[in-house]
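Here's a quick briefing to read alongside the sequence and the 3D view. Have both open and follow the residues as they come up.

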Amino acid sequence: MKQLIKKRDLLTQFIPVAVIAAVAAVLLVAPALAAKGGHAAAPPCTISPSTAAVGQVYVVSASGLPTSTAINLWVTDPNGNTSGSPLGSTPTGTFNLNESSSFAGQWTYTFSGPTKNNASTTVVYASCSVDSY
């Protein structure tokens with residue numbers, strides 16, 4: 001009986017660690033993609049305009065995303081704080097979002113989702129950045 005409790009406790013501790021590891025992987029890849037010219041090679045992610053005044057609305061666009069799969073948006077502010085939002089799925093593989101920056105610096109937008117064969121892991125589909133002044 002004691003062994004079952006210990007195994008259950010280990011499993012209970014493992015699940016949050018696995019989730020944190022998956023999110024950390026996304027957060028580590030996003031800045032690397034942003035450093036390579038502001039977007040992934042495919043699918044494309046663009047921001048128009050590429051620089052914007054604080055509070056100015058700009059459009060974040062991603063295309064070539066997988067269809068019929070959950071897509072998440074991760075926003076990393078200039079201080080390195082990241083927040084995520086589920087976008088749902090897209091039948092066309094595109095998302096266009098009106099965004100604005102609340103303070104100056106580089107803001108990075110990363111689109112991610114579950115991998116096809118393992119829903120507990122994520123993959124970065126596209127990432128791009130805007131400089132806010």
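**Strands, core and backbone**

Strands β4 and β5 (residues 82-88) pair in the antiparallel sense, over six bridges. Keep in mind that this is a predicted model. From that pairing, we'll go on to the core and then to some backbone details.

**The β4–β5 hairpin**
- β4 and β5 make a hairpin, with five residues between them.
- In the turn sits G80, which has a positive phi of about 90°.

**The nonpolar core**
- The largest nonpolar core has 19 residues.
- I47, Y58, V60, L65, Y109 and F111 have the most contacts inside this core.
- At least two core residues come from each of β1 (45-48), β3 (58-62), β4 (71-76), β6 (95-99), β7 (105-114) and β8 (122-132).
- The biggest giver is β8, with four residues.
- Leaving out residues up to four places away in sequence, I47 touches Y58, V59, V60, Y109, C128, S129 and V130.
- As background, nonpolar side chains in soluble globular proteins tend to be buried together.

- Most residues other than glycine have a negative phi, and most peptide bonds are trans.
- S48 and P49 are joined by a cis peptide bond, with omega about -5°.
- You'll find P49 in the loop between β1 and β2 (51-52).
- S68 isn't a glycine, yet its phi is positive, near 55°.
- S68 is in the loop between β3 and β4.
- S68 counts as exposed because its relative accessible area is 68%, and the cut-off for exposed is over 50%.

Methods:
Residues numbered from 1 in each chain as written. Predicted model: local features only at pLDDT ≥ 70, side-chain atom pairs only at ≥ 80, totals over all residues. Heavy atoms only, no water. Core = buried A, V, L, I, M, F, W, Y, C linked by side-chain atoms within 4.5 Å. Buried < 20%, exposed > 50% of the residue type's maximum accessible area, 1.4 Å probe, protein only. Contact = heavy atoms within 4.5 Å. Pairing = 2+ DSSP bridges.
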